[in-house]
Amino acid sequence: MKVKARKGDSLSYYASLFHIPIELLVDSNPELAPDHLDSDEMVEVPGFIKEACMVREGDTLWGLAGDRNIGVDALLLINENSDPNEVVPGVELFLPRRVVTPIVNGKQPYDSVNFQNDMTLLQEIYPFIRVTAIGKSVLGKDLMECKIGRGARKVHMNGSFHGNEWITSAVLMTFLNDYLLSLTNSKDLRGIPILPLYRTVSLSLVPMVNPDGVDLVLNGPPDGMAEELIELNGGRVEFTGWKANIRGIDLNKQFPARWEFEKRRMEVNVPGPRDFTGHLPISEPESKAMEQLARKERFQRLISVHTQGKEFYWGYEGLESKESERLAGEINRASGYASIRYVDSYAGFKDWYIQEFQQTGITLELGKGINPLPLSQFDTIYRDTLGIYLIMLYKWW
């Protein structure tokens, strides 16, 4: 929500008017001087939207402000030149409405359009988040990263490396939405205060690494590609078993962590729905974008969210960080998911990340069943794993 500033006002004053943490207001308005605003500058107030209201007999701005739990001056900012003691019945006013319910609906087929729409809405309501494209997919879709927080500790989460694991994007976007609601409403999330995390941790999310694959699984082949993709799919016209990107390359077998060994071991030599490593590591635009992001940011912790198995893998060749085993124990206790140090699989993003940076990397396998997991599991999956995402942010030694 935008309001027009008055000369000499400060962002800290507006933070008190709207009961919003000052850090969120400052980070929503990086181009403004926080301590001295100029007249007619537009100020973004996160966590609010404007809505029109028809004045009733006996209404006053004082009463309307009290109903909304904000300062009356906040209404004067939105409704310029209004008299706080006298408002005219039948006249339309704009009132700020605090957003207290989620925008994201994860319990639906979550394709790239739903993802992009949700990310756009979240960015509008919570302008302190920073959303950028870290690259493009084969078909030119933006690979979106969302950053939130101002801390020195860097944590990364990603989902939908595999097309038929699209429910992971819905889970991560639901977590992001709940995190933002907790921040702007000063509410704990699973008993954890979120504002201190905002101050100490910088969270990076790439909720949909493989939008082309997700859309193929959910919506079928794009125009002009049906014949080619059906051939790659072994003649099958439904794509529920498709894990790869649109070129038939498994993005989570693309990284130079025993890549040659994995290529020989899988014995898949041509593009298809799953397990083809490609002819070279990091050959795909999606894997290149993730590699470049990791090198640029040098995260201390990383979690790649997949399905299925109700388990997580946290080691690679003994190169994982010293804290990894202790953190794995915390995650196991919080979720009941099985903790597995090593698994007979290589060339994954988590494997390469541990090899390259000797930090904490986790591959999390949500739910149990046959991919794509049914949406009937969504509530259980989110309930069981919410604590994992929070532990990645608040449990440090």
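Contact means heavy atoms within 4.5 Å. The legends describe a predicted model, in which local features need pLDDT of at least 70 and side-chain atom pairs count only at pLDDT 80 or more, while totals for chains, interfaces and linings use all residues. Residues are numbered from 1 along each chain as its sequence is written, and side-chain values use heavy atoms, with hydrogens and water left out.

**View 1. Asp-35 in the loop between α2 (22-28) and β2 (42-44).** Helices (H or I, at least four residues) and strands (E, at least two) are DSSP runs, numbered from the N terminus. Asp-35 is exposed, with a relative accessible area of 65% (exposed means over 50%, buried under 20%, partly exposed in between; 1.4 Å probe, protein chains only). Leaving aside neighbours within four places in sequence, Asp-35 is in contact with Asp-9 and Ser-10. From Asp-35 to Phe-128 the separation is 93 residues in sequence and 18 Å in space, C-alpha to C-alpha.

**View 2. Helix α6 (residues 167-184) against helix α14 (residues 378-394).** The two axes come within 10 Å and cross at roughly 60°; axes are lines fitted to C-alpha atoms, for helices over the stretch in contact, and angles run from 0 to 180 degrees between N-to-C directions. α6 is therefore oblique to α14 (under 35 degrees counts as roughly parallel, over 145 as roughly antiparallel, 65 to 115 as roughly perpendicular and the rest as oblique). Residues making the contact include Ile-167, Val-171 and Phe-175 of α6 and Phe-378, Tyr-382 and Leu-386 of α14. By class, this contact has 13 nonpolar, 2 polar and 1 charged residues (Ala, Val, Leu, Ile, Met, Phe, Trp, Tyr, Cys and Pro count as nonpolar, Asp, Glu, Lys and Arg as charged, and the others, Gly among them, as polar).

**View 3. Helix α12 (residues 324-335) against α14.** Here the axes come within 8 Å and cross at roughly 155°, which means that α12 is roughly antiparallel to α14. Leu-327, Glu-330, Ile-331, Ala-334 and Ser-335 of α12 meet Asp-384, Ile-388, Ile-391 and Met-392 of α14. The contact of α12 with α14 has 6 nonpolar, 1 polar and 2 charged residues.

**View 4. Helix α11 (residues 285-297) and its buried residues.** α11 has 13 residues and reaches 18 Å from first C-alpha to last, close to the 18 Å expected (1.5 Å times one less than the number of residues). Among the buried residues of α11 are Glu-286, Met-290, Leu-293 and Glu-297. The buried residues pack against β5 (130-136), β6 (142-148), β7 (153-159), β8 (201-206), α8 (211-219) and α13 (349-357). Just after α11, Arg-298 takes a positive phi of about 50°.
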